Amino acid sequence: MKTIEKLSTAIFRKNILEMTAYQVAEADGFIKLDAMENPYGWPNELTEAWLKTLRNCEINRYPDPDARHLSDKLREMNEIPTELGILLGNGSDEIIQLLLMALPPTAPVMAPDPSFVMYKQISDGLDLNFHAIPLQENNFELDLPRFIQSIKEIKPKIIFLAYPNNPTGNLFNTSDIQEIINQAPGLVIIDEAYAPFTDATFMSEISDFDNLLVMRTVSKLGLAGLRLGYLVGQNEIINQLNKIRLPYNINVLTQVSTLFALSNYAIFEQQTQLICQERTALMQALNNIPQLEVFPSDANFILFRVLNQSADALFTFLKGQQVLIKSLAHHDAPLTNCLRVTVGKKEENRIFLTALSQYFSRLNQEN
Ligand SMILES: Cc1ncc(COP(=O)(O)O)c(C=O)c1O
């Protein structure tokens, strides 16, 4: 072994040495339908007004460590009562990391499978014991008896439930989630990253449970580049997490820009409405392709399975047409041969659908 590899083996934890870094696909020049981003920009006047607010930013000073103006805006928008706490993170990814960093060594953590990959990725990096509990294969609902049984055996300190779930797109049954919150000996984090695309939420139920926290992000709304997530829950829990939050985790440009954007919320309402309309159109078009099994979605993406053919080959073909989606083809069941497409602009979706039908008509000609 080379000396430098010996050195890193001697220094880093085994779990980290065995991990692979989170991969982000190179997307330059592609129609980007892989990352659940909002595809729309802002009108010029809004961009100009935003740039004006940036002029007053004192980037020579540290940011407000509590991001008070932004916190207040988020409280107001989400009607968060004063007795609950709010914690801001550099994306919800950082909040997941904070929650997991606060656990005792090797603590058990649980989430359904498949679900958002960072729950496991961050748990692995921190040497925690991550338990993935399979969803029902046919409809991606929670397998409640199995989940509750696992809670009893594993006694997880934290359970993550993405609502709607990524990558499957569905909302889990509400009463199943309530049962999980009731049975969980530790915290239950309802991850509402896709809240802009559904009316379903647990935000108004936080006060009813000591162990329920709701996490949201502005990423899917249209501000992914700013990196801002937030967690709402009982003050006692938020105060503990605040002790390990880095003091200036929300930079000054993010504080000012997010506050500006949220104060002009009408633009996002228009855009998310458009995305939901396009979701319906895209869903219909995909459902008309007999070679695909398409799953319902309450988010801004759609999961589909390629039937009797290689999803990999389709993914590669689309890439050749400069259309980038997300391949989950190599995952175990129930994601085998599945791909996930983010809802784009009308024209982007049209190009994606045209490429799909080209692919299948070419296949038909060959057979
Ligand atoms: C369920 C879920 N939670 C959290 C995130 C990450 O959000 P953020 O951009 O705020 O880190 C994602 C991103 O894809 C997600 O799908």
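Contact here means heavy atoms within 4.5 Å. The structure is a predicted model, in which local features need pLDDT of at least 70, side-chain atom pairs count only at pLDDT 80 or more, and totals for chains, interfaces and linings use all residues. Residues are numbered from 1 along each chain as its sequence is written, and side-chain values use heavy atoms, with hydrogens and water left out.

The protein chain is assigned two parts: domain 1 (3-42 + 267-366) and domain 2 (57-263). These bounds come from an automatic or database domain assignment. The C-alpha centres of domain 1 and domain 2 are 24 Å apart. Between them, 30 residues of domain 1 are in contact with 30 residues of domain 2. The area buried between the two domains is about 2,500 Å², and carbon and sulfur atoms give 64% of it. Buried area is the accessible area (1.4 Å probe) that two parts lose on being put together, summed over both. In domain 1, the residues that lose the most area to domain 2 are Phe268, Asp298 and Pro334. Together they account for 23% of what that side buries.

The rule finds one salt bridge across the interface of domain 1 and domain 2. A salt bridge is a side-chain nitrogen of Lys or Arg within 4 Å of a carboxyl oxygen of Asp or Glu. The side chains of arginine 13 and aspartate 127 meet in a salt bridge, at 3.1 Å from N to O. Nine residue pairs, both at pLDDT 80 or more, are in polar contact across the interface of domain 1 and domain 2. A polar contact is a pair of N or O atoms within 3.5 Å; within protein, one must be able to donate a hydrogen and the other to accept it, and residues adjacent in sequence count only if both atoms are side-chain atoms.

On the side of domain 1 that touches domain 2, helix 2 (14-18), helix 12 (266-287) and strand 10 (301-306) each supply at least two residues. Helix 12 gives the most, with five residues. Helices (H or I, at least four residues) and strands (E, at least two) are DSSP runs, numbered from the N terminus.

A ligand is also present in the model. Of the 13 residues around the ligand (a heavy atom within 4 Å), Ser92, Asp191, Tyr194, Thr217 and Ser219 come nearest. A polar side-chain atom of aspartate 191 lies 2.6 Å from a nitrogen atom of the ligand. Tyrosine 194 has a side-chain N or O atom 2.7 Å from an oxygen atom of the ligand. For asparagine 166, a polar side-chain atom is 2.8 Å from a ligand oxygen.

Proline 167 lies in the loop between strand 5 (158-162) and helix 8 (174-183). The bond from alanine 333 to proline 334 is cis too, with omega near 5°. Proline 334 is placed in the loop between strand 12 (326-327) and strand 13 (338-342).
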